[in-house]
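Please keep the sequence and the 3D view open while reading.

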Amino acid sequence: DMYDKFIQERINELRMKKNISEYQLSLELGRSQGYIQSITSGRNLPSMDAFLDICAYFDITPSEFFDPTINNPSLIRSITEDIKKFSDSDLLLLSTVLKRFLELYPRP
């Protein structure tokens, strides 16, 4: 199933970004040493509790887990919290700067 494959690959992606082994992640989640390997190999899927523990470990929400386009979820969340404090005029200025930046440095 494509969701199973996505979960396997996403856990691997997040784990590698954090530079942590499957073994170490398993232990840090309080699971057996082969727990994460059993998920990433496709033998098992995490329970809902384990999935939420995995999200908490990587400091992401479940929706962020399923959105691989978010490169650094915790940084995005922090910036979003800061932006909420801006006035309307500051938001317009920031929007203008962001649009200009994206024109100068387009992303794929």
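Lysine 5 and glutamate 9 are 4 residues apart in helix 1, so about one helical turn separates them. Helices here are DSSP runs of H or I with at least four residues, numbered from the N terminus. The two side chains form a salt bridge, with N to O at 3.9 Å. That term stands for a side-chain nitrogen of Lys or Arg within 4 Å of a carboxyl oxygen of Asp or Glu. Lysine 5 is partly exposed at 45% relative accessibility, and glutamate 9 is partly exposed at 44%. In this scheme buried is under 20% relative accessible area, exposed is over 50%, and partly exposed lies in between (1.4 Å probe, protein chains only).

The model is predicted: local features need pLDDT of at least 70 and side-chain atom pairs count only at pLDDT 80 or more, while totals for chains, interfaces and linings use all residues. Residues are numbered from 1 along each chain as its sequence is written, and side-chain values use heavy atoms, with hydrogens and water left out.

Helix 1 holds another such pair. Lysine 17 and glutamate 13 are joined by a salt bridge at 3.5 Å, N to O; being 4 residues apart in helix 1, they too are separated by about one helical turn. Lysine 17 has a relative accessibility of 46% and counts as partly exposed, as does glutamate 13 with 25%. Arg10, Glu13 and Lys17 are linked in a network of salt bridges.

A further salt bridge joins arginine 77 to aspartate 59, with 3.6 Å between the closest N and O atoms. This pair links distant parts of the chain, 18 residues apart: arginine 77 is in helix 6 (residues 73–83), and aspartate 59 is in the loop between helix 4 and helix 5 (62–65). A search of the whole structure finds 9 salt bridges.

The largest nonpolar core has 17 residues, and Ile11, Leu25, Ile36, Ile39, Ile54, Phe58 and Phe65 touch the most other members. Such a core is a set of buried Ala, Val, Leu, Ile, Met, Phe, Trp, Tyr and Cys residues joined through side-chain atoms within 4.5 Å. Helix 1 (2–17), helix 3 (35–40) and helix 4 (48–57) each supply at least two of its residues, and helix 4 gives the largest share, 5 residues. Leaving out residues up to four places away in sequence, isoleucine 11 touches Leu25, Ile36, Ile39, Thr40, Ile54 and Phe65; contact means heavy atoms within 4.5 Å.

Glutamine 8 lies in helix 1 and is buried, with a relative accessible area of 11%. Beyond residues up to four places away in sequence, glutamine 8 touches Ile39, Thr40, Ser41 and Gly42. Serine 38, in helix 3, is buried at 6% relative accessibility. A polar atom of the serine 38 side chain lies 2.6 Å from the backbone oxygen of tyrosine 35. Serine 38 is also in contact with Arg43 and Asn44, its neighbours within four places in sequence being left aside.

Finally, the surface. Serine 89 belongs to helix 7 and counts as exposed at 52% relative accessibility. Tyrosine 105 lies in the segment after helix 7 (88–104) and is partly exposed at 48%.

Key:
Polar contact = N/O pair within 3.5 Å; in protein donor to acceptor, adjacent residues only side chain to side chain.
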